[in-house]
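Biologist: I'd like to learn how to read cavities and ring contacts in a model. Could you walk me through them?

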Amino acid sequence: MSVRAHRRLRLPADDRTPAVARAAVRQVLLAGGWADQLDEALLLVSELSTNGIVHAGTPVDVDVLADDTGVTITVSDQKSGLVGATTAVRSGPFDLIAAGGPNGDGDLAPTGNGNGRARAGAAEAVWDDTVELEERGRGLMLVDRLASAWGTSHHATGKSVWFRLGTDTVPDTGPPVVPVETVEAASGTAATDAALPSALEAIAAPAPNAAPAADGTAVPPAAWVWLDHVPEALRSRLTMPQLVSELLERLCDVTGAATGSVWLDRGDTAGERRLAGYSSPHGPRPAPGDEADTVVVPLPVAHPLRGKVVLHPPAGRRPGRYWQELAALSAQRMAIGIDAERLQGDEMRRRGWVTFLAEASELLANSLDLELTTALAAQLVVPRLGSWAVVHLVDPRGELRTVAVAHADEHAIPRIRAHAEAAETRTRLAAVLDQAATVPFDGDLAGLALPLVARGRVIGVLSVGRFADRVHSGDDAAALADFARRASLAIDNATAHAERIRVADELQRALLPRPLPEAPGIEFGAVYVPAGTGDVGGDFYDVFGVRRNRWFVSMGDICGKGSQAAVMTGAVREVMRALIGEDRATANMLATLNRTLLASANDRYATVAAAMVTRLEPPGRPRTLDVALCLAGHDRPVLLEADGAVRSVGECGSAVGLVEQFETPEVNLTLRQGDALVFVTDGVTERRRQGSMYGTQRLRDLLGTMAGRPAQEIADRVQQDVLAFAPEPPRDDIAVLVLRNPL
């Protein structure tokens, strides 16, 4: 394998050495015909030589060899390490295995598996210098990512890192012996200051057609291309800060600037931050604060980004003729990378917003509980859209009420709540209500206040605190506005549902039966379980005294649910009370009620069980209860006799409010001491469990075990058994009324 070009240098432990090493690499690669590997080679040799100077603090040997199949570069320091350790060749990321080095330390041959990797020798390498790996990790990481093959070796006089570019094959012969060009002197002496610039001039001599600069140097035409062009293969492996650093380093190399930096303001109120910095070896650095000859070029980045590139010439020198143009060229290339990274980040954030808003909408829509919905609205904001959040709702008096507070730090919630209750805050939020628009606010708790608007009306305010390190961007504000709209609808739906439940509860309480009276010689017991659906039911029962020894007992079930059924329930109950008060017979009372409901034309009907109960205590005979029972379409009650016998009694007639030809037979019963008459609604008999119903027979079987029990105990036992029949809450009202002649 023939050698096309070879150069070997020994450079002093000086911070200007990396530039000399890069110049030597550039010269050998161009002479050897490997210009397509120039970018990777310059980046890697810069990293390795810098590591050698910074961490070893010794002179650095740089060996650059270009042959027919690629380029091999070795960087060695003079800091003694583990003597006898062999070279480690990459077979995977940082996989250190024993092998020989490329400069004759051992034999390396191509692998036989076709993957082009250098294969290892025998024993595993011994390199346990953890600190060295940590400090030089970035250089080795770049080598591992960019080089075809690489390795390390420890020897008596120092350590070496070599890498191969071009093909993945490592040459099977060592490089020819080339005398070392020594550029070394005592650090900090005048000899060193003179030697390094002369070495730079010798290695990187300008092309004959180079244009002279104002300071007497020349910029080769190829440098203009190299300055701006980053091959896609290399570009795709660098992050945006790494790309900017690489471009800045190239700019400083070409211009000879002593120092350079790139500053970027992202428009997030954090101000300018240094994105990249570089110290070049071209002469002494300028004194701090000396800005007389500084070259400043703005970065042509898109709003809201702003930035600049800053170059400082060495002390005692002025910027070159082409510095401004070269800096502007580099700034344009940097801006392309910065804008591309910003656009990519914006796109990823927008996709994240879409996913976040969809998931937030699903969570909010799954709740109809007002307290839970408002708590979710505040908690979903933090920390994705702000550092804290407060939800205020407008109460019926038009005043704002704090309903939910969230903060990234739970210990700060009391402080945020106190802020939300402050008079100044409420005054500011009142402006949000009046304008129905987003209002920014500043101070210790700066952020945004957004109106919660649902169905054309403002129902509250969502206040969101700014992030700890920046203000809300335009994308943040847009996402917050979208979230506020979704939260508004969810809160409004939960409010409407809560109002519906409140009205239903109030109607239900108004329709609940009055307390049972205490009557001598008669026991009454009852239970009422409203349905778990939240709708107002139509079941009722009523007991009241008509005269001294007579009581009216009724139970009914209005067809349907909701407010109309509730209104009819109250009407039926009160009409029956009024008609019975006129001393009408039970059957006549029901006939009059039927005509009344038909005349109302509300398409509602009811089933009613009504009984007039008369207590009789003839002298010398046991007390009895005479019952005149009428059933207007209602289920027959169950008679539980003192001896445990159970039977259904009564004769069913027409439901009230259904037909004009109303008939309801009256059946007379006598309850002896110990007998009980049990009335139930269809919520008992039609209680379902999968495909079966509770039914009348199951009720009779249960009552057969309750002979001799008090009336209230019988009612309670029926309720327990019916509720235990199925695991889910009842879908219909359950009402039980027991009339008993005690012993």
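Modeller: Happy to! Let's begin with residue classes: Ala, Val, Leu, Ile, Met, Phe, Trp, Tyr, Cys and Pro count as nonpolar, Asp, Glu, Lys and Arg as charged, and the others as polar. Keep in mind that this is a predicted model.

Biologist: How do the residues of the lining of the second largest cavity divide?

Modeller: That lining has five nonpolar, four polar and one charged. Among its residues are Trp388, His392, Arg428 and Phe441. Strand E15 (388-394), helix H11 (413-421) and helix H12 (423-435) are the elements that each give two or more residues to it. The space inside is about 50 Å³, and the structure holds two cavities of 30 Å³ or more.

Biologist: Where does the charged end of arginine 428 sit?

Modeller: Over the ring of phenylalanine 441, 4.5 Å from its centre.

Biologist: How many aromatic pairs does the structure hold?

Modeller: Four. To classify one, look at the angle between the planes: under 30 degrees counts as stacked, over 60 as edge-to-face. Phenylalanine 356 and phenylalanine 483 have ring planes at 25° and centres 6.1 Å apart, so they are stacked. This pair joins helix H9 (residues 323-365) to helix H13 (residues 474-511), with its members 127 residues apart in the chain. Both phenylalanine 356 and phenylalanine 483 are buried.

Biologist: Why is the pair of tyrosine 694 and phenylalanine 725 edge-to-face?

Modeller: Because the planes of tyrosine 694 and phenylalanine 725 stand at 90°, with the ring centres 5.5 Å apart. Tyrosine 694 and phenylalanine 725 are both buried. Arginine 698 also lies over the face of tyrosine 694, at 5.7 Å from the ring centre.

Methods: Residues numbered from 1 in each chain as written. Predicted model: local features only at pLDDT ≥ 70, side-chain atom pairs only at ≥ 80, totals over all residues. Heavy atoms only, no water. 1 Å grid on protein atoms, 1.4 Å probe; cavity = no way out; pocket = protein on both sides within 12 Å on 5 of 7 lines; lining within 4 Å. Points joined across faces, edges and corners; volume = space filled by probe spheres on them. Helix = DSSP H or I, 4+ residues; strand = E, 2+ residues; numbered from the N terminus. Phe/Tyr/Trp six-rings, centres within 6.5 Å; stacked < 30°, edge-to-face > 60°. Buried < 20%, exposed > 50% of the residue type's maximum accessible area, 1.4 Å probe, protein only. Lys NZ or Arg CZ within 6 Å of the ring centre and 35° of its normal.
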